[in-house]
Amino acid sequence: MSEAARSGPARKESARNESAQGESAHGGPQDTVQTGSRMQRLFDLRYVIGVLLGIYGIVLVVRGALDGPQQLAQAAGTAINLWTGIGLLVVAVVFLAWARLRPLGIDTTEEE
Amino acid sequence: MLRLNPGWLDYTLLALYFVVVLGIGVVARRAVGTSADFLLAGRALPAWVTGLAFVAANLGATEIIGMAANGAEYGVATVHYYWIGAVPAMVFLGIVMMPFYYRSKVRSVPEFLRLRFGNGTHVLNAVVFAVASVLIAGVNLYALAIVLNALLGLPQIWGIVLSAAVVLVYIGFGGLGSAIYGEVLQFFVILAGLIPLAIVAVRHVGGFHALGEKVTQSALGPEGLHAWQGTGIGSVTNPIGANWISIVLGLGFVLSFGYWTTNFAEIQRALSAKDRSASQRTPLIAAFPKLFIPAVTIIPGLVALVAIPNFGNESSGGLEYNDAIPALMGQLLPEGVLGIAITGLFASFMAGVAANVSSLNTVVTYDLLQPYLAKGRSDRYYLTAGRWVTVAGVVIAIFTALLASSFNNIMTYLQSLFGIFNAPIFATFILGMFWKRTTGWGGFSGLFTGVIAGTLVFVLAEAGVVDFGSGIAVSFYQAGAAFLVDVVVTVTVSLATARPEPERLAGIVYGVPGADGVVPTLRQPRERVWYRKPVLLGSIALVITVVLNILFA
């Protein structure tokens, strides 16, 4: 999905930014409330999304492979379990790959 | 009677979601050490998380059940709630208003009013918001109870109590952090259920072309396929029952700007972003899914109308409009994907409740307890208070849910609330942010009379004294009345009272430098990458909006 498009060029950008660090273009009072995000350090949401959708995807693909004519007829002739399962697996892989390729530490220091 | 027949696999998929969400709550509890952790989620989240949470916080009962019902009742013109009634306001929020909110370092929307106008306006807005949140949380609970009733045959009262308990556990533990994480997760699960449903629904009636022909022959008629045809002034024939001026001004300007730019349940997501640029991008990222969500809500509504006999005729024993999505799920989805769709519905309703309760506890704790009712206590006190407000909010929402069950169309009910509460607030904010002369008394009296005016129009219409044509038109007019009265009263009273002291305006009003010497303007953050430039993102969203409106005119 759009996540794929976003993580692609973003990776290149992180390399470019590292060389240009220090010249932060943002003036003004942008300091945040000083609590830090313990939430984010605790776990990476992208893994949670990837694992949950991945499990859903596997279950649906298996269920879809077992679907007989009755299930097909109910869903207007579409192998909907199979296709939904494949779609979920693609999204899951994108999130797991994104989380793997750009771990949290890099992601947070890179933007500002 | 509507009844789904899920298999064991469907229940397993649903149970897995509950485990993950409750797990997030329990783990997130370890992240909560202070009241700021619980109520603000630390202001450190990336824009994609806050952006998806921003759109998901609104993806509760209003979107799924209500918009499918509107799709069946009003046809394609329901897109106005998205393309006219949401996206332009979201872009405006991201580019114009978010910089002011973020720079002022407020913890809530009412707190901005306190800085700008003083205590009167602040208390009024905080109390009104708190009341509105529990009402809306209740509407979401009620919608969830309908689904539970259909799914398990569970009595509505038990559905309401059970789902309230789950929400209570996961936000009672983790606060805003787990609410936001839950919302992002929910965003994906709801789409994983609704996209297959829409695809199968269209194939069920023989494709888009056949769907169009059947809608033309249905009660909606040919204009049920058009967003703008038949909305001429004095000759409204479109099923939406409102002319284009009341759509553009009532829904598009007043209602939508009031909701999207000042509703704290939404702004709270953007305020929890890690920097100003990310906070600006929050509503802009949210605008893109918002543009395409009508495809998965309106299409099932239209299919339900043409494919289910007697649909929408409750009096003659047919299903009601709100049943569109649950009914199609039961009819068309086989075991497996049915479980995902049910999970998506659950998830969306719970997130709708969670969004309102997690903003309610912030407002009550930081805007009512800390400044007025229980000043100068330890942070521990406010953290505990935040938790108890969460409990109280959920309990009151249960009673609101019972109240909402007496209304026929959830969406109309919600729009009435938005019209009364949100329309005047937008006028007050815009005047406060951009007009230095606006005084504390001006802001207060404008907001107060605006709420009264909106309520008055609503009551008069309910009592049958005035007739605006349809329930939707009523909400447009009442929002318009509230907005106009607010602007006129604010300006008049401001000019009649003494100029506000400059310190009160410092750093929060356009062109008035703050204590740090920075002048608030509309200059946008300089970003190197195109997808981080707020103006570019906003422009792309608006161009797509225009194109879609032309395509579906």
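Helices are taken here as DSSP runs of H or I with at least four residues, numbered from the N terminus. In the predicted model, helix α6 of chain B, assigned in this way, is followed by K105(B), whose phi is positive, near 60°. Most residues other than glycine have a negative phi. K105(B) counts as partly exposed because 18 other C-beta atoms lie within 10 Å, where 20 or more would be required for a buried residue.

The confidence scores of the two chains are reported separately. Chain B averages a pLDDT of 86, with 95% of the residues scoring at least 70, whereas chain A has a mean pLDDT of 68, and 55% of its residues reach 70 or more. Over residues 1–36 of chain A the pLDDT stays under 50, and for this stretch the model has 41 contacts beyond four places in sequence. The pLDDT is also below 50 over residues 106–112 of chain A, a stretch with 10 contacts in the model beyond near neighbours in sequence. For the model, the scores are ipTM 0.87 and pTM 0.86.

Chain A contains six helices and zero strands, and its pattern along the sequence reads α-α-α-α-α-α. Of the 112 residues in chain A, 28% are buried. Among contacts in chain A with a separation of 6 or more, 79% are accounted for by residues 24 or more positions apart. A76(A) is located in the loop between α4 (69–74) and α5 (80–101) of chain A, and its phi, near 55°, is a positive value in a residue other than glycine. A76(A) is classed as partly exposed because it has 16 C-beta neighbours inside 10 Å, a count that lies between the limits of 12 or fewer for an exposed residue and 20 or more for a buried one.

Helix α6 (residues 87–103) of chain B has 17 residues and extends 23 Å from its first C-alpha to its last, close to the 24 Å expected at 1.5 Å a residue. Within α6(B), a kink of about 55° lies at M97(B), shortly before the proline P99(B). The helix is mostly covered, with 13 of the 17 residues of α6(B) buried.

For helix α9 (residues 156–204) of chain B, which has 49 residues, the end C-alpha atoms are only 30 Å apart, short of the 72 Å that a straight helix would reach at 1.5 Å a residue. A bend of about 125° occurs in α9(B) at G175(B). Of the 49 residues in α9(B), 37 are buried, so that the helix is mostly covered. Just after α9(B), a positive phi of about 95° is found at G206(B). In helix α11 (residues 244–262) of chain B, a kink of about 40° is centred on S256(B), and 15 of the 19 residues of α11(B) are buried.

Two helix pairs of chain B illustrate the packing. The axes of helix α1 (residues 8–29) and helix α15 (residues 337–373) of chain B come within 8 Å and cross at roughly 35°, and the crossing of α1(B) past α15(B) is right-handed. On the side of α1(B), the contact is made by L9(B), D10(B), L13(B), L14(B) and Y17(B), and the residues of α15(B) involved include L338(B), I342(B), F346(B) and A347(B). Helix α10 (residues 207–217) and helix α13 (residues 276–307) of chain B pack at an angle of about 60°, with their axes 10 Å apart, and α10(B) passes α13(B) in a left-handed crossing. In this pair, L211(B), K214(B) and V215(B) of α10(B) meet L302(B), V303(B) and V306(B) of α13(B).

R269(B) is found in helix α12 (residues 264–271) of chain B. This residue counts as buried because it has 32 C-beta neighbours inside 10 Å, where the cut-off is 20 or more. Leaving aside neighbours within four places in sequence, R269(B) is in contact with T50(B), A53(B), F54(B), A57(B), I180(B) and T282(B). R269(B) and F346(B), 77 residues apart in sequence, lie 21 Å apart in space, C-alpha to C-alpha.

How values were computed: Residues are numbered from 1 along each chain as its sequence is written. Chains are lettered from A and ligands numbered from 1 in the order in which they are written. This is a predicted model: local features need pLDDT of at least 70, side-chain atom pairs count only at pLDDT 80 or more; totals for chains, interfaces and linings use all residues. pLDDT is the predictor's confidence in each residue, from 0 to 100. Two residues are in contact if their C-beta atoms, placed from the backbone, lie within 7 Å. The bend at a residue is the angle between axes fitted to the seven residues ending there and the seven starting there. The expected span of a helix is 1.5 Å times one less than its number of residues. Axes are lines fitted to C-alpha atoms, for helices over the stretch in contact, and angles run from 0 to 180 degrees between N-to-C directions. A crossing is left-handed if the near helix is turned anticlockwise from the far one by less than a right angle, and right-handed if clockwise.
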